[in-house]
Amino acid sequence: MALLQIAEPGQSTAPHEHRLAVGIDLGTTHSLVATVRSGMPEVLRDAAGRYLLPSVVRYLPSGGIEIGEAAKRAASQDPQNTIASFKRFMGRGSDAIAQLAGQSPYVLEAGEGMLRLRTVAGPKSPVEISAEILRRLRQQAEEALGGPLQGAVITVPAYFDDAQRQATKDAARLAGMEVLRLLAEPTAAALAYGLDKKAEGLFAIYDLGGGTFDLSLLRLQKGVFEVLATAGDTALGGDDMDRAIAERILADFAHCAGDDPAWLRQVLQQARLLKEELSVVSQASITLQLPNGERRQWSLDREELEQWLEPIIRRTLAPCRRVLRDSGISKEMIDGIVLVGGATRVPLLRRMVAEFFGQEPLTDLDPDQVVALGAAIQADMLVGNQKDELLLMDVLPLSLGLETMGGLMEKIIPRNTPIPVAKAQEFTTFKDGQTAMSIHVLQGERDRVEDNRSLARFSLRGIPPMVAGAARIRVTFQVDADGLLSVSAVETSTGVRAEVQVKPSYGLSDEVISQMLKESLEHGQEDVAHRRLAEARVEAERVREALDAALAADQQLLSAAELAAIHAARNHLLQALAGDSADALYSAVEQVEKAAAVLVERRMNQAVRSVMAGHSIDEWSNK
Ligand code: ADP
Ligand code: MG
């Protein structure tokens, strides 16, 4: 791109320098990282082969930390120190504590500019917690790609305000990552589907995750992607489906189980498994352990489940209608619907979305991966690995403005303005001899100041004394491609310039960030090794337990030779568990998984046969 390529005469061109860049979907429930290799976007996996990292961080009293799967498993024993769904807290200030408290098990406290969560390891800001996830993904990517990353594109919900975007960027800095661009999630999804290659059109991105629903309308015109409008529900997602199932289970066992917290958690977890399985098969069952120790089976078929899910899915249609109405676009004008988010795997959802929009949604890509794949494509463009660059344009999600007389907000840049953008407006003094003016920057759609988000306050001083109304104060708002704002103010009438650059009142100061970076570098290496070993142990233990349970139940499915091979791999795993090498643990896990593959397959076949018994083939092919 910007590099000059020099080819010696008689020699082929020097090999193209490929720069390592990734796309990261920093999700509420799961996070993942993807890259473009040999021209194709793909997700990157960890040593155990997984690509979905649960967005969960657990702080230990020892000062250690657990991330992802290991942390998620501990959530029930140690809820206060195991932080999940922290994306909801990103960029929120201390003033939001009252509103957010009670919605989560965490103790929230005021911090410098932003709220913090109390843990055994001290108060942690959502930025620091996110940085742990990003650091893990960076490490995973660098291991998979074999070198340091040049940078990353990180996705954010289209409606994220300035503070939430700034917080995301701060988290990346803290994780030692260069942010190439913050990209709206729906735009990333559209990119993954290669919609940029189509000429022009309108696309709806329907994203139902664990706890949030977003619907965005994108317009693609002359190679420019514009997010036209977004709507959603920040308290609607797959978790609601889990709860709907859990309620039935709890009702069925109400007479013998009560409301013991461990029992409730078990039921929720199992409900989720049932839900996910019923997206694939039409009947499934779970085994529950009652508080009195008794084990009981509970089964459910898809038809019944769909009756419970229908009202939940229907709730997603209201924002769909709203977006269409607000943007004056009819369903027939939409050229494609993209499904994003794990919960869109539910077959009923696909049918209801198809019916609502009057067309089949696009489902070729894994809905869990779409956003990360699109971000990877954008990252690849931004570091110059691709020849034709696509100009991507997002819009400002919420209006930006200033407080004016009477406690009202005056909008300077209205929402849905394509970014980057700069706009200036003139104000004047209202008192004779006034030499200072205080400026209050706001974001939101409401008229009254207190109903909007306060982004920053600053004063412009040194205005030459003159009569009221004579000064000309020009306030300039500048929003960059990441959606981040800077504001400056200048008194222009006398040629005397006074200018102030605002640093938003939320977020971390540069000093705080560099202090945190220093600390993380000091503890970095040992942390990484320690963490990797701890995770490997947990993984190995999990595999050993799963294997033992499978052997206990279905050993008879194996030949003597197969059984012997599995036992050899198991012994190897036990040896690795006694040692302290993460590599040895992972390789032992891999061996066990290889040896046990035959057992897994036969158990699966057996399960499918038992599920299918009593169903006709026709019934299956209709699913
Ligand atoms: P987020 O964007 O919030 O990080 P995800 O896109 O990872 O969320 O979606 C997580 C949700 O998707 C969870 O509620 C999970 O149970 C649900 N999910 C995953 N797979 C399936 C499936 N096969 N059927 C139904 N729901 C699923
Ligand atoms: Mg998501």
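Mentor: Two strands pair if DSSP finds at least two bridges between them. In general, the strands of a sheet pair through backbone hydrogen bonds, either parallel or antiparallel. Please keep in mind that this is a predicted model. Here, strand 1 (residues 21–26) and strand 11 pair in the parallel sense over 5 bridges, and I24 stands opposite I154 in strand 11.

Trainee: Which strand does strand 11 join through a further 5 bridges?

Mentor: That partner is strand 12 (residues 179–184), and the two run parallel. Within this pairing, A152 stands opposite V179 in strand 12.

Trainee: Is strand 11 largely enclosed or open to the outside, and why?

Mentor: The reasoning rests on a cut-off: a residue is called buried when its relative accessible area is under 20%. In strand 11 (residues 151–156), 6 of the 6 residues are buried, so this strand is largely enclosed by the rest of the structure. The side chains may also be sorted by direction. G151, V153 and T155 point one way, while A152, I154 and V156 point the other way, and all are buried.

Trainee: Let us turn to single residues. Is R570 buried or exposed?

Mentor: R570 has a relative accessibility of 17%, and therefore counts as buried. The residue belongs to helix 14 (residues 560–578). Leaving aside residues up to four places away in sequence, R570 touches R544, L547, D548 and V592.

Trainee: How should I read the cysteines, and how many disulfides are there?

Mentor: A disulfide requires a pair of cysteine sulfur atoms within 2.5 Å. By this rule the count is 0 disulfides. Accessibility is a separate matter for each cysteine. C320 is buried because its relative accessible area is 0%, whereas C256, at 27% relative accessibility, counts as partly exposed.

Trainee: Which residues come nearest to ligand 1?

Mentor: Of the 18 residues around ligand 1, those that come nearest are T29, H30, K275, E276 and S279. A polar side-chain atom of K275 lies 2.7 Å from an oxygen atom of ligand 1. For E276, an N or O atom in the side chain is 2.6 Å from an oxygen atom of ligand 1. In the case of R345, a side-chain N or O atom is 3.2 Å from a nitrogen atom of the ligand.

Trainee: Finally, how many helices and strands does the protein chain have?

Mentor: The protein chain has 16 helices and 27 strands. Of its 623 residues, 50% count as buried. Among contacts in the chain with a separation of 6 or more, 64% are accounted for by residues 24 or more positions apart.

Definitions and conventions. Residues numbered from 1 in each chain as written. Chains lettered and ligands numbered in written order. Predicted model: local features only at pLDDT ≥ 70, side-chain atom pairs only at ≥ 80, totals over all residues. Heavy atoms only, no water. Helix = DSSP H or I, 4+ residues; strand = E, 2+ residues; numbered from the N terminus. Buried < 20%, exposed > 50% of the residue type's maximum accessible area, 1.4 Å probe, protein only. Contact = heavy atoms within 4.5 Å. Near = heavy atom within 4 Å. Polar contact = N/O pair within 3.5 Å; in protein donor to acceptor, adjacent residues only side chain to side chain.
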